[in-house]
Amino acid sequence: MVFSTADGTPVSQAFGDVYFSRDGGVDETMHVFLRGNGLPERWAGRGRFTIGELGFGTGLNFLVAWKKWKETAPVGATLHYISIEKFPFKVADLRRIDHVSHRRLACKRGKRVGGLGRRLQHAARAGADER
């Protein structure tokens with residue numbers, strides 16, 4: 001389902017779409033997804049916040065949002081991240097993406113990433129307990 005260009009950029013075989021820039025996928029996500037939606041400002045001081053996303057893709061938006069949430073949200077606050085993906089990645093595809101967070105995500109149990117949400121909920125709860 002995914003192939004990489006010569007520089008390692010993940011691209012959808014089915015649609016030819018680039019998932020994120022090789023020159024700064026995290027920076028791109030911070031600018032477009034987090035800042036573009038004003039998320040850190042919108043969740044500031046809230047005990048609960050929900051993000052809805054169409055197209056989970058590689059999970060980079062989730063990973064960056066979760067990291068920023070853990071850094072800035074009030075202690076004990078809860079982030080609900082709801083995402084829908086029509087074409088979920090195979091774990092092998094996620095493992096090929098050259099990003100440490102993606103490799104950690106790909107190591108979760110399961111043969112497909114479909115249904116990953118339940119596993120991420122458990123991981124997010126565990127991560128929230130680390131604060």
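This is a predicted model: local features need pLDDT of at least 70, side-chain atom pairs count only at pLDDT 80 or more; totals for chains, interfaces and linings use all residues.
Local features need pLDDT of at least 70 and side-chain atom pairs count only at pLDDT 80 or more, while totals for chains, interfaces and linings use all residues. Residues are numbered from 1 along each chain as its sequence is written, and side-chain values use heavy atoms, with hydrogens and water left out.

Helix H1 covers residues 25-35 and holds Thr29; helices (H or I, at least four residues) and strands (E, at least two) are DSSP runs, numbered from the N terminus. Thr29 is buried, at a relative accessible area of 6%. Here buried means under 20% relative accessible area, exposed over 50%, and partly exposed in between (1.4 Å probe, protein chains only). Setting aside neighbours within four places in sequence, Thr29 has Leu34, Leu60, Asn61 and Val64 in contact, that is, with heavy atoms within 4.5 Å.

Phe33 also sits in helix H1, and is buried too, with a relative accessible area of 11%. Not counting residues up to four places away in sequence, Phe33 touches Glu28, Leu39, Ile51, Glu53, Asn61, Ala65 and Tyr81. Phe33 and Phe62 are 29 residues apart in sequence, yet their C-alpha atoms are 9.7 Å apart in space.

Now to the strands. E3 (residues 48-54) and E4 (residues 78-84) run parallel and are joined by seven bridges; strands count as paired if DSSP finds at least two bridges between them. Across this pairing, Thr50 stands opposite His80 in E4. Together with helix H3 (residues 60-72), E3 and E4 make a right-handed β-α-β unit. Right-handed means that, with the strands pointing away from the viewer, the path from the first strand over the helix to the second runs clockwise.
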